[in-house]
Amino acid sequence: MPHTVLLAEDDRAIRNALERALTLEGYQVMAVADGVEALAQAHRNRPDVLLLDVMMPGIDGLQVCRVLRAEGDRTPVLMLTALVETADRIAGLDAGADDYVVKPFDVEEVFARLRALLRRTSPVGADGAPAAGAPGPLPERFVEAAGIRMDPQARRAWRGARELELTRTEFELLELLVRNAGIVLDHSTIYDRIWGYDFGPGSKNLAVYVGYLRRKLDEPDAPQLIHTVRGVGYVLRED
C-alpha cells in the first residue's frame, strides 16, 4: 500500500506542483488549501505523514500541529516554511513538528525527509518483531549514560528523576548520543542516522535540534551533557 501524505499549502502553484511530484513518487496525496481543511481531513482519514505549510490564513500549520498533538496524534509532521530564523524553527519544534524544509526547496529534499520520517515510524508486528519492510530489530528495553535513562520502546526519557518531554526527532537524537556516550559523532554521521540524508555543511538543521535538546536537558548547577566539538560534531558526556 502506498503511504498517504496530507499536504496543506495555501499557495495553489506550490500545492499543485507538490501534489504531482508526490504522486509520481508513489505517494497517495490528500491536498488541501488551509489549516481548517487539514484538521478535518486528518480526523476523517488519518495519513501516514503530514506536510504542512507554516504560513496559512486562518489556522496555520503550527496551530494544526498543536491541535493534533494535544489530541494525542503522533503522526509525523514535516513543516514547509519560508521563515529561516532560529526562533521560528524552535516555534515549529515547540508545536510538535518532527522536521522542516525551508522554502525555496528542492523536491528531492522533501522526498528524503519524508522517507526518513516514515522509516522511523514503520510499524512492528504483534510479536514485537518488525513488520514487513520495517527496518531492524527493536532495541533493548533501556539504555543509560551520563545520568540519562531511556526506554526506546515506550519512547520515554529521564534525566535523573525528571522525565523529559521530547519530540520524535529529539528523542532519536538523544538516543543516538546516549548509545554512543563519550564518542564524538560527526555531523554527517548524525544526519545519516537521524534524517537518512546529509544536508551538507551549510545546513543549520542539526544545530537547531541540538540547541533545543540542550534546553530540555540542562539543569541549574548541573553539568552540561551535550558538548560541541568545533568543526567535527557532538558528544554526550558528563564533565
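**Close-up views of a predicted model**

**View 1. The crossing of helices H1 and H5 is right-handed, that is, the near helix is turned clockwise from the far one by less than a right angle.** The contact (heavy atoms within 4.5 Å) is made by Leu18, Ala21 and Leu22 of H1 together with Val107, Phe111 and Leu114 of H5. Of the residues in this contact, six are nonpolar, none is polar and none is charged, where Ala, Val, Leu, Ile, Met, Phe, Trp, Tyr, Cys and Pro count as nonpolar, Asp, Glu, Lys and Arg as charged, and the others, Gly among them, as polar. The axes of H1 (residues 12-24) and H5 (residues 107-120) come within 11 Å and cross at roughly 55 degrees; axes are lines fitted to C-alpha atoms, for helices over the stretch in contact, and angles run from 0 to 180 degrees between N-to-C directions. The two helices are therefore oblique to each other, a word for angles that are not under 35 degrees (roughly parallel), over 145 (roughly antiparallel) or 65 to 115 (roughly perpendicular). The model is predicted: local features need pLDDT of at least 70 and side-chain atom pairs count only at pLDDT 80 or more, whereas totals for chains, interfaces and linings use all residues. Residues are numbered from 1 along each chain as its sequence is written, and side-chain values use heavy atoms, with hydrogens and water left out.

**View 2. Four strands form an open antiparallel sheet in the order E6-E7-E8-E9.** Helices (H or I, at least four residues) and strands (E, at least two) are DSSP runs numbered from the N terminus, and two strands pair if DSSP finds at least two bridges between them. The edge strands, E6 (143-145) and E9 (162-164), each pair on one side only. Strands E7 (residues 148-151) and E8 (residues 156-159) run antiparallel and are joined by four bridges, and Met150 has Ala157 in E8 as its bridge partner. Helix H6 (residues 168-179) packs on the sheet, where it touches E6, E7, E8 and E9, and its direction makes about 120 degrees with that of E7. Helix H8 (residues 205-217) lies across E7, E8 and E9 and runs at about 160 degrees to E9.

**View 3. Ile59 is found in the loop between strand E3 (49-53) and helix H3 (61-70).** Its relative accessible area is 26%, so Ile59 is partly exposed, a class between buried (under 20%) and exposed (over 50%), for a 1.4 Å probe and protein chains only. Apart from neighbours within four places in sequence, Ile59 is in contact with Gly35, Val36, Leu39 and Val64. The C-alpha atoms of Ile59 and Ala38, which are 21 residues apart along the chain, are separated by 9.3 Å.
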